[in-house]
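Subject: Structure for you to look at

Hello,

Here is the structure I said I would pass on. Please open it beside this email and follow along; my notes come after it.

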Amino acid sequence: EAEAVKHELEEAQRARKRRRDEAGVQWAAKWFALCDDPYSPDGASWQYRGGYWAARAKHDFPPANQLW
């Protein structure tokens, strides 16, 4: 059963990506940004942008995708 749920979740993620691509919408993380990082082997790392704790305190979260 876990394998079936995993497969369903992955297919839903792929479908959301297809819809974004068709609409020309670029995905962006809500709480992190990919920034230059000279210490990372890749030259970039995800860094916290801020805002999560303030949103959590106010229970003011932007709409999220349904995960399952």
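A residue is called buried under 20% relative accessible area, exposed over 50%, and partly exposed in between. Keep in mind that this is a predicted model.

By that rule Y52 is partly exposed, because its relative accessibility is 24%. W31, with a relative accessible area of 22%, is also partly exposed.

These two residues bring us to the aromatic rings. A pair of aromatic rings is described by the distance of the centres and the angle of the planes. The structure holds six aromatic pairs. In one of them, the ring centres of W31 and Y52 are 5.5 Å apart and the planes stand at 85°, so this pair is edge-to-face. Where do the two residues of this pair lie? W31 is in the loop between α1 (2-23) and β1, while Y52 is in helix α2 (residues 52-58), so the pair ties together parts that are 21 residues apart in sequence.

W31 also forms an aromatic pair with F61. Here the distance is 6.4 Å centre to centre, with 90° between the planes, and this pair is edge-to-face too. F61 lies in the segment after α2 and W31 in the loop between α1 and β1, so this contact ties together parts 30 residues apart in sequence. F61 counts as partly exposed because its relative accessibility is 41%. Which residues form one aromatic cluster? They are W31, Y52, W53 and F61.

The elements that give two or more residues to the nonpolar patch are β1 (32-36) and β2 (44-48).

Last, the helix α1. How many residues does α1 have, and how far does α1 reach? It has 22 residues and spans 32 Å from its first C-alpha to its last, which is close to the 32 Å expected at 1.5 Å a residue. G24 follows α1, and the phi of G24 is positive, near 75°.

Regards

How values were computed: Residues numbered from 1 in each chain as written. Predicted model: local features only at pLDDT ≥ 70, side-chain atom pairs only at ≥ 80, totals over all residues. Heavy atoms only, no water. Helix = DSSP H or I, 4+ residues; strand = E, 2+ residues; numbered from the N terminus. Phe/Tyr/Trp six-rings, centres within 6.5 Å; stacked < 30°, edge-to-face > 60°. Buried < 20%, exposed > 50% of the residue type's maximum accessible area, 1.4 Å probe, protein only. Expected span 1.5 Å × (residues − 1).
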